[in-house]
Amino acid sequence: MILTDLHLRNFRNYDDLEVAFSPGINVMIGENAQGKTNLLESIYVLALTKSHRTANDKELIKWQANEAFLSGHVKKENGTFPLELIFSSKGKKAKVNHLEQAKLSQYVGQLNVILFAPEDLSLVKGAPAMRRRFMDMEFGQMSNKYLYNSGQYRTILKQRNQYLKQLQQRKQKDRVFLQVLSDQLAAYGAEIMVARVTFLKQLETWAQVIHEEISQGKEQLTFQYASQIEVAENATVESVYDLLLAELTKNEEREIEQGSTMYGPQRDDLKFMVNGNNVQTYGSQGQQRTTALSVKLAEIDLMKEQTGEYPLLLLDDVLSELDDERQTHLLTAIQDKVQTFLTTTSLSGIARQLIKEPKIFEIEHGVLLNED
């Protein structure tokens with residue numbers, strides 16, 4: 001999968017930008033706050049219809065402009081087609097091959113990207129919400145079903161939490177409606193939890209090989225899906241549905257007291273284990289970074305396995321956060337494999353030695369100065 005070109009209009013600090021990319025490694029060089037990360041962000045947004053930096057779409061629109069426009073051509077094995085996105089005060093419109101999509105879930109997955117930014121090095125030691133978001137963003141690109149179930153789950157979870165608060169405040173009395181919401185929540189929640197366990201097992205297989213290489217055979221990486229209810233690797237959706245619904249029913253009174261749903265995938269976590277020890281708690285910073293790097297590189301292979309195409313790799317100023325050994329492993333692993341977009345203030349000596357024929361873009365104040 002290749003993004004051959006990109007057109008931005010009134011996106012962040014870009015007035016009007018048209019740029020053609022190399023199918024290999026594209027390097028955006030510039031000082032901080034010049035727009036190189038905005039350019040990388042636009043590729044992420046074009047793929048996922050949302051930003052990794054803000055939940056407010058209005059921030060993507062250039063100051064005093066009415067709308068932001070993004071477009072690009074995606075080249076796959078079966079042909080090339082355009083993608084278009086428009087952000088305005090009315091919402092967003094998404095087009096695939098000039099046809100407007102009724103649902104954004106039909107658009108997502110046309111262009112697959114993996115983002116690796118400095119904050120991803122905190123994937124291991126960060127808050128559980130970060131790991132849940134990681135699972136939802138990555139698995140949603142690989143599976144329209146997962147994306148749909150996640151959207152439905154969030155909608156019902158919001159309704160159920162609102163109703164629990166109304167019961168807590170005695171503004172409602174009807175428990176039958178709560179039971180209906182519990183049943184729906186358990187149904188979608190079970191789909192999500194089983195899918196997570198399945199994808200994580202596949203991701204673990206790829207990550208183990210990479211982690212073993214980086215650690216020179218000294219460490220074995222394993223994943224554990226941490227849930228309030230036990231979800232075995234061979235669990236069926238029906239069995240997890242029964243378990244989740246039973247917990248929701250059993251804890252109905254407690255949830256009304258709390259005014260919040262206490263069970264489900266929105267409370268689950270992911271643990272990374274190295275040689276049987278939780279890396280978050282017992283791992284060194286080096287082990288935590290090696291784990292994060294292994295997981296990100298494993299995503300590339302898993303996405304290829306699931307979709308038949310390699311994704312784009314977005315590296316946002318991550319080289320400066322990695323030591324020479326991990327830089328070398330990262331750049332060697334992606335060379336001649338995936339189209340890569342890399343932002344940096346300057347290319348390190350290691351990077352210059354390892355990157356073959358990069359296309360370099362210099363960016364200043366939202367303007368592309370030159371292309372090499």
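Residues are numbered from 1 along each chain as its sequence is written, and side-chain values use heavy atoms, with hydrogens and water left out. Because the model is predicted, local features need pLDDT of at least 70 and side-chain atom pairs count only at pLDDT 80 or more, whereas totals for chains, interfaces and linings use all residues.

A search of the whole structure finds seven aromatic pairs. Rings of Phe, Tyr and Trp (its six-membered ring) are paired if their centres lie within 6.5 Å; planes under 30 degrees apart count as stacked, over 60 as edge-to-face and the rest as tilted. One of the pairs is formed by Phe139 and Phe199, which is stacked because the ring centres are 4.9 Å apart and the planes stand at 25°. Phe139 belongs to helix H3 (residues 128-142) and Phe199 to helix H5 (residues 175-214), so this pair ties together parts that are 60 residues apart in sequence. Helices (H or I, at least four residues) and strands (E, at least two) are DSSP runs, numbered from the N terminus. Phe139 and Phe199 are both buried; buried means under 20% relative accessible area, exposed over 50%, and partly exposed in between (1.4 Å probe, protein chains only).

For Phe223 and Phe272, the ring centres are 5.2 Å apart and the planes are at 85°, so the pair is edge-to-face. This pair also links distant parts of the chain, with Phe223 in strand E9 (residues 221-226) and Phe272 in strand E10 (residues 269-274), 49 residues apart. Phe223 and Phe272 are buried. One aromatic cluster is made up of Phe21, Phe341 and Phe361.

Charged side chains also lie over aromatic rings. Arg9 is placed over the face of Phe69, at 4.5 Å from the ring centre. The charged end of Lys304 sits over the ring of Tyr310, 5.4 Å from its centre. The criterion is that NZ of Lys or CZ of Arg is within 6 Å of the ring centre and within 35 degrees of the ring normal.

The structure holds 19 salt bridges, each defined as a side-chain nitrogen of Lys or Arg within 4 Å of a carboxyl oxygen of Asp or Glu. Among them is the bridge between Lys296 and Asp120, whose closest N and O atoms are 3.9 Å apart. Lys296 lies in helix H9 (residues 285-307) and Asp120 in the loop between strand E8 (113-116) and H3, so that distant parts of the chain, 176 residues apart, are linked. Lys296 is buried, with a relative accessible area of 4%, and Asp120 counts as buried at 13%.

Glu252 and Arg175 form another salt bridge, at 3.1 Å from N to O. Here Glu252 in helix H7 (residues 252-258) is linked to Arg175 in helix H5, 77 residues apart. Glu252 counts as buried at 11% relative accessibility, while Arg175 is partly exposed at 29%.

The side chains of Asp323 and Arg326 meet in a salt bridge at 2.4 Å, N to O. Asp323 is partly exposed, with a relative accessible area of 36%, whereas Arg326 is buried at 14%. Salt bridges that share partners join Asp120, Glu138, Lys296 and Glu299 into one network.

On the surface, Val176, Phe177 and Val180 form a nonpolar patch with about 250 Å² of accessible area together. Patches are made of residues with over 30% relative accessible area and no salt bridge; like charges are joined within 9 Å and nonpolar side chains (Val, Leu, Ile, Met, Phe, Trp, Tyr) within 5 Å. Accessible areas come from the Shrake-Rupley method with a 1.4 Å probe, and for residues only the protein chains shown count as cover. Val176 is in helix H5 and counts as exposed at 52% relative accessibility.

Two further buried residues were examined. Leu248, in helix H6 (residues 237-250), is buried with a relative accessible area of 0%. Apart from neighbours within four places in sequence, Leu248 is in contact (heavy atoms within 4.5 Å) with Arg160, Ser182, Leu185, Ala186, Glu255, Thr261 and Tyr263. Thr344 lies in strand E13 (residues 340-344) and is buried at 7%. Beyond neighbours within four places in sequence, the contacts of Thr344 are Val27, Met28, Ile29, Gly30, Lys36 and Asp317.
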